[in-house]
Structure formats: structure tokens, C-alpha cells
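Hi,

Here is the model I promised to pass on. Have a look at it first, and then read on for what turned up.

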Amino acid sequence: MTDLDAIDRKILAILQADSRVTMQELADQVGLSVSPCHRRVKLLEERGVITRYIAMVDQKSVGLPVSVFISIKLERQKEEDLNRFARAISKWNEVLECYLMTGNRDYLLRVVTADLPSYEAFIINKLTRLDGIASIESSFALSQVKYSIALPVQ
């Protein structure tokens with residue numbers, strides 16, 4: 001949305017860094033009183049700019065240290081095949097992200113698991129059971145150099 005002004009963008013940047021900031025703290029940081037700041041936040045929510053508030057959880061702390069990026073090529077790229085794949089993937093908790101891609105692969109997935117046997121079980125019991133997959137290529141992340149969910153709004 002290009003009609004966001006500097007204050008809206010600052011509000012978004014602050015909330016992306018800490019969504020638990022109080023309305024008073026947020027208002028102070030953007031230079032507004034509480035009521036106008038609260039109205040702006042509500043308007044950003046109503047317009048769908050702010051879609052939800054979440055708690056970020058460290059994947060290693062909850063026993064899911066393995067991150068795998070999986071490239072998928074389908075046998076056919078017809079709409080019904082793409083939709084079938086997307087419906088199946090959306091039900092699997094191991095899949096944190098899934099993108100329809102351009103280029104020589106159709107989908108790119110980010111999957112997290114506890115260990116290699118768990119990843120193998122995911123591949124065998126879920127992914128390879130889907131009809132229409134021509135190839136699966138896995139790349140294991142050795143370490144995370146950068147991770148952010150904050151969009152560069154300022």
C-alpha cells in the first residue's frame with residue numbers, strides 16, 4: 001500500500017520489532033497521543049496491512065533444529081495439479097513456507113524437523129505419497145545467517 005505515511009510506516013516498524021509494545025510506548029515513539037495512535041493501528045488492521053500478532057519461537061529451543069529447503073518439480077503444471085499440491089502442503093505443520101516459483105522448479109518449501117530420521121519420515125510418509133511429483137531436491141541449512149519477518153517499511 002503506497003498511501004502509508006511516515007507515521008504509519010514508523011508504527012509498522014515498531015510493531016514488527018515488538019508487537020507487545022504498549023499503546024502509550026508506541027504513541028510516544030511515533031510522536032502522537034494515545035488516541036490517534038490507537039486509531040491508526042486499528043485502521044492498519046482493518047485495511048489488512050497488519051494481519052496478525054504472533055510470538056516468535058526459537059526452533060532449536062522446541063526441538064526442531066533441522067531446516068531443509070525442498071525444491072519440487074511437478075509432472076504437469078496444470079491448474080488442478082498446482083491446486084492439489086498446494087492443498088496437501090498447507091495441511092502439514094512441518095512446512096513453514098511454500099512458494100510457487102518461476103524457473104526450473106515449481107515449488108520451494110522450507111521444512112523443519114527434529115532430526116534426519118524425522119525428515120526421512122516426512123519425505124516417505126507425506127511428500128512422496130503425493131501424486132504428480134516428478135522430482136524432489138533437498139538442501140539442508142548448515143546455519144542461519146539472517147532471519148527476519150520484518151518488512152523494510154521505513
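A quick word on pairing before anything else: two strands count as paired if DSSP finds at least two bridges between them. With that in hand, Ile72 stands opposite Ile136 in β4. Do keep in mind that this is a predicted model.

**The sheet**

Let me stay with the strands for a moment. There is an open sheet of 4 strands, in the order β2-β3-β1-β4, and the pairing is antiparallel. Which strands stand at the edges? Those are β2 (95-100) and β4, each with a single partner strand, so one side of each has no neighbour in the sheet. On average, and ignoring direction, neighbouring strands here are turned by 20 degrees against each other.

Going through the pairs:

- β1 (residues 66-74) and β4 (residues 133-140) run antiparallel and are joined by 7 bridges. The Ile72 and Ile136 pair mentioned above faces across β1 and β4.
- β1 and β3 (residues 107-113) are also antiparallel, with 7 bridges joining them. Here Ser71 is the residue opposite Leu108 in β3.
- β2 and β3 run antiparallel too, and 5 bridges join them. Leu100 stands opposite Tyr107 in β3.

How many residues of β1 are buried? It is 7 of the 9, so β1 is largely enclosed by the rest of the structure. As a reminder, side chains in a regular strand alternate between the two faces of the sheet.

Helix α4 (residues 79-90) lies across β1, β2, β3 and β4, and runs at about 15 degrees to β3.

Now for α1, α2 and α3, which pack against one another in pairs.

Take α1 (residues 6-17) and α2 (residues 23-30) to begin with: they pack at an angle of about 135 degrees, and their axes are 10 Å apart. The two are therefore oblique to each other, and their crossing is right-handed. On the α1 side the contact uses Ile7, Lys10, Ile11, Ile14 and Leu15, and on the α2 side Leu26, Gln29 and Val30. Sorted by class, that contact of α1 with α2 comes to 6 nonpolar, 1 polar and 1 charged residues.

What about α1 and α3 (residues 34-46)? Their packing angle is about 80 degrees, with 11 Å between the axes. Angles of 65 to 115 degrees count as roughly perpendicular, and α1 and α3 are therefore roughly perpendicular to each other. From α1 the contact takes Ile7, Asp8, Ile11, Leu12 and Leu15, and from α3 it takes Cys37, Arg40, Val41 and Leu44. By class, the contact of α1 with α3 has 7 nonpolar residues, no polar ones and 2 charged ones. Note that Ile7, Ile11 and Leu15 are among the α1 residues in the contact with α2 and also among those in the contact with α3.

That leaves α2 and α3, which pack at about 100 degrees with their axes 9 Å apart. That makes α2 roughly perpendicular to α3. In this contact Met23, Gln24, Leu26, Ala27 and Val30 of α2 meet Val34, Cys37, His38 and Val41 of α3. The residues of the contact divide into 7 nonpolar, 2 polar and no charged.

**A few single residues**

- His38 lies in α3. His38 is partly exposed, with a relative accessible area of 34%. Its C-alpha atom is separated by 48 Å from that of Glu120, which is 82 residues away along the chain.
- Thr22 sits in the loop between α1 and α2. At 39% relative accessibility, Thr22 counts as partly exposed. C-alpha to C-alpha, Thr22 and Ile89 are 37 Å apart in space, and they are 67 residues apart in sequence.
- Leu142 is in the segment after β4. Is Leu142 buried or exposed? At 86% relative accessibility, Leu142 counts as exposed. Leu142 and Val21 are 121 residues apart in sequence and 34 Å apart in space, C-alpha to C-alpha.

Cheers

Notes: Residues numbered from 1 in each chain as written. Predicted model: local features only at pLDDT ≥ 70, side-chain atom pairs only at ≥ 80, totals over all residues. Heavy atoms only, no water. Axes fitted to C-alpha atoms, helices over the stretch in contact; angles between N-to-C directions. Parallel < 35°, antiparallel > 145°, perpendicular 65-115°, else oblique. Left-handed = near helix turned anticlockwise from the far one by under 90°. Contact = heavy atoms within 4.5 Å. Nonpolar A, V, L, I, M, F, W, Y, C, P; charged D, E, K, R; others polar. Buried < 20%, exposed > 50% of the residue type's maximum accessible area, 1.4 Å probe, protein only.
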